[in-house]
Amino acid sequence: MHPFQRITTGLFLTGLAMTAHTQTTQQQYQLQKTGDAPAVLRLVEAAVRQPAANEVLVRVHAVSLNRRDIYVKAGRYPGPQRPNLVPLSDGAGEVVAVGAGVTRFKKGDRVTAIFFQQWIEGRFKPEYLGSSVGGAIDGMLSQFVTLPESGLVRIPKYLSYEEAATLPCAGVTAWNGLVTRGHTQPGDFVLLIGTGGVSILGLQLSQALGAKPIITSSSDDKLARARHLGAVAGINYKTTPEWDKAVLAATGGVGVAQALEVGGTDTLPKTLASLGFGGHVALIGGLSSFGGDIPAPSLMARNVTASGIYVGSRADFEALNAFLEKHPIKPVIDRVFVFENAAAAYDYMDSGALFGKVVIKL
Ligand SMILES: NC(=O)c1ccc[n+]([C@@H]2O[C@H](COP(=O)([O-])OP(=O)(O)OC[C@H]3O[C@@H](n4cnc5c(N)ncnc54)[C@H](OP(=O)(O)O)[C@@H]3O)[C@@H](O)[C@H]2O)c1
């Protein structure tokens, strides 16, 4: 048992609107930077901040990594980043204390944080950029986090903390691309690029929506696993460089109705070529690099829609969770690391070996 965990059996002021937690210190990771050197992940002792009015104190039980966390650590992620940042946007835990005026949650509730703490619903606004967890503001790689009650959602009952921790970035992004913006219909062909977090959750959601997922990968073994999860076709983008032609063939020449474009510069032209008439592409990522030209005349002629996606709102997350309660998908967790071994989770995430999600248990 970790020394700090021995004193977690806090006394709670039950029966009152406000509850407090007796633990005053915790362990958390910070990205510490000296001069121009890359940031180093350090485990430090930090204060546990009791919840103020409308805030909730959460004991974090699991976090997951996204490609973004690799970019943040390397200093390659755009936007503001605070010094000694606590990294990672995605975490799940249990409410252990609530501040005055909290109405949405009570002690014992199982919650996940939303990616943009201020994006509750509606259109995205520039001011939300400053509220991204594990980027603009401190993240989840911490035994405790204190967040506004508005920045949390309830975990679907059937999911473990590890599974729920996979959803805030990758799950909501896939949902936003496929459903909120894409309006995926049963029978639609859906293109997924690679077998990382967004794509595998996208595959599982597509299948639950009654759509037909087609996936690419650099590995035949991973393609076999993806078929097992419900992919109707799998194409190795290393051995089939003109994989867009294989995608078209897999759809009987019609083209896909939906694509979650996570590859960026190198994959975007082929993703667009894979789209059928009236198709939709969710512009999400830059695994090769962020970029790529849009061939406007060709998209116009096919009545194609392109959506820029930046995760999603709390309303998107709640809609995803409601869908999951009815379609109990188990997110694919490739590996679970212990808290003390967080650096190894980063290394594994960056190794290219992953299939689905990498999780750290606290
Ligand atoms: N806009 C947003 O809101 C948003 C949200 C989430 C993620 N993203 C972005 O979306 C991308 C994916 O994120 P993620 O967290 O799902 O990534 P991830 O889990 O790290 O995915 C890695 C996998 O992607 C595949 N891949 C890597 N390089 C590739 C390439 N050049 N071409 C095709 N496939 C490649 C590989 O799959 P195989 O081993 O099977 O080949 C690799 O294992 C990232 O660029 C991320 O920043 C954006």
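## Leucines before strand β4

L85 sits in the loop that runs between α1 and β4. The model described here is predicted. With a relative accessibility of 0%, L85 counts as buried. Leaving aside neighbours within four places in sequence, the residues in contact with L85 are Y29, Q30, L31, V72, G134, G135, I137 and D138. N303 lies 218 residues from L85 along the chain, and the C-alpha atoms of the two are separated by 43 Å.

L88 also belongs to the loop between α1 and β4 (90-98). The relative accessible area of L88 is 0%, so L88 is buried. L88 is not a glycine, yet its phi is positive, near 80 degrees. Most residues other than glycine have a negative phi.

## Two asparagines around strand β3

N66 is placed in the loop between β3 (55-65) and α1 (67-74). Is N66 buried or exposed? N66 counts as buried because its relative accessibility is 5%, and the cut-off for buried is under 20%. The side chain of N66 makes a polar contact of 2.9 Å with the side chain of D90. Apart from residues up to four places away in sequence, N66 touches S89, D90, C169, A170, M349 and K357.

N54 is found in the loop between β2 (40-47) and β3. At 42% relative accessibility, N54 counts as partly exposed. N54 is not a glycine, but it has a positive phi of about 70 degrees.

## Helices α3 and α9

Helix α3 covers residues 167-180 and helix α9 covers residues 314-326. How are two packed helices described? The description uses the angle between their axes and the distance between the axes. For α3 and α9 the angle is about 85 degrees, and the axes are 9 Å apart. The two helices are therefore roughly perpendicular, a term that applies to angles from 65 to 115 degrees.

On the α3 side, the contact is made by L167, P168, G171, V172, W175, N176 and T180. On the α9 side, the residues are D316, F317, A319, L320, N321, F323 and L324. The residues of this contact divide into 9 nonpolar, 4 polar and 1 charged.

## L209 and F323

L209 lies in the loop between α4 (197-208) and β9. Its relative accessibility is 16%, so L209 counts as buried. F323, one of the α9 residues that meet α3, is 114 residues from L209 along the chain. The C-alpha atoms of L209 and F323 are separated by 9.4 Å. Not counting residues up to four places away in sequence, L209 touches L178, V179, T184, Q185, P186 and F323.

After α6 comes G252, with a positive phi near 70 degrees.

Q258 counts as buried because its relative accessibility is 4%. What joins the side chains of Q258 and H280? A polar contact of 3.0 Å links these two side chains.

Leaving aside neighbours within four places in sequence, Q258 is in contact with G177, L178, G182, H183, T184, D188, F189, V190, L191, L275 and H280. Among them, L178 and T184 are also touched by L209.

H228 is located in helix α5, which covers residues 220-229. With a relative accessible area of 75%, H228 is exposed. H228 and T25 are 203 residues apart along the chain, and their C-alpha atoms are separated by 45 Å.

Conventions:
Residues numbered from 1 in each chain as written. Heavy atoms only, no water. Axes fitted to C-alpha atoms, helices over the stretch in contact; angles between N-to-C directions. Helix = DSSP H or I, 4+ residues; strand = E, 2+ residues; numbered from the N terminus. Parallel < 35°, antiparallel > 145°, perpendicular 65-115°, else oblique. Contact = heavy atoms within 4.5 Å. Nonpolar A, V, L, I, M, F, W, Y, C, P; charged D, E, K, R; others polar. Buried < 20%, exposed > 50% of the residue type's maximum accessible area, 1.4 Å probe, protein only. Polar contact = N/O pair within 3.5 Å; in protein donor to acceptor, adjacent residues only side chain to side chain.
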